[in-house]
Amino acid sequence: MTSSRESSGREDIRQQAKSGEATAIATLLNRGLQAKPIKAQVKRQDHILLIRLLCPTAPNPKTTVGWIVQNLQKLQPEGITQVKIQARVPNAPKPAWGRVVTLAAPTTDQPSEPSSTTAVAQSSDSKADSI
């Protein structure tokens, strides 16, 4: 059973992530990635969120980017308009892959849709948690 303190802590992290706090966003992403051997490192540079995925083998970029974008669109972190995602495997001289995604600004008229340089797809892993 979840204590009210744990519940309150999760809400605090979520609020920090909504305000664009990179550490809080990393915490939420890593919670969703717990079942996979992937660890997310997150930094923020102005309106850009930099996400480095550390993993033993390169994950599928379409599925992984789709999952991250879908969850960021739900979260709508303040001031983040672009996300740079990079997958790195140990001892590789350069990233396995990298993608740049522009997040659509939420409007009151219509639901927000991600605009991206890569196809956005839902994760085929039904066990993937959302942040």
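Guide: Start at a strand pair: Gln45 stands opposite Ile48 in S2. The model is predicted, so local features need pLDDT of at least 70 and side-chain atom pairs pLDDT 80 or more, while totals for chains, interfaces and linings use all residues. Residues are numbered from 1 along each chain as its sequence is written, and side-chain values use heavy atoms, with hydrogens and water left out.

Visitor: What makes S1 and S2 a pair?

Guide: Two strands pair if DSSP finds at least two bridges between them; seven bridges join S1 to S2, which run antiparallel. Strands are DSSP runs of E with at least two residues, and helices are runs of H or I with at least four, numbered from the N terminus. The two strands form a hairpin with two residues between them, and Asp46 in the turn has a positive phi of about 55 degrees.

Visitor: Why is Thr27 called partly exposed?

Guide: Buried means under 20% relative accessible area and exposed over 50%, with partly exposed in between (1.4 Å probe, protein chains only). Thr27 has 27% relative accessibility, so Thr27 counts as partly exposed. Thr27 lies in helix H2, residues 22–32.

Visitor: How do you know that H2 is mostly covered?

Guide: Eight of the eleven residues of H2 are buried, among them Ala22, Ile25, Asn30 and Gly32.

Visitor: Why are H2 and H3 called oblique to each other?

Guide: The axes of H2 and H3 come within 12 Å and cross at roughly 130 degrees. Axes are lines fitted to C-alpha atoms, for helices over the stretch in contact, and angles run from 0 to 180 degrees between N-to-C directions. Angles under 35 degrees count as roughly parallel, over 145 as roughly antiparallel, 65 to 115 as roughly perpendicular and the rest as oblique. H2 and H3 are therefore oblique. Ile25, Leu28, Leu29 and Gly32 of H2 make the contact with Trp67, Ile68, Leu72 and Leu75 of H3 (contact means heavy atoms within 4.5 Å).

Visitor: Which residues touch the most other members of the largest nonpolar core?

Guide: Ile51 and Leu53 do, in a core of 29 residues. A nonpolar core is a set of buried Ala, Val, Leu, Ile, Met, Phe, Trp, Tyr and Cys residues joined through side-chain atoms within 4.5 Å. Not counting residues up to four places away in sequence, Leu53 touches residues including Leu33, Ile68, Ile85 and Trp97.
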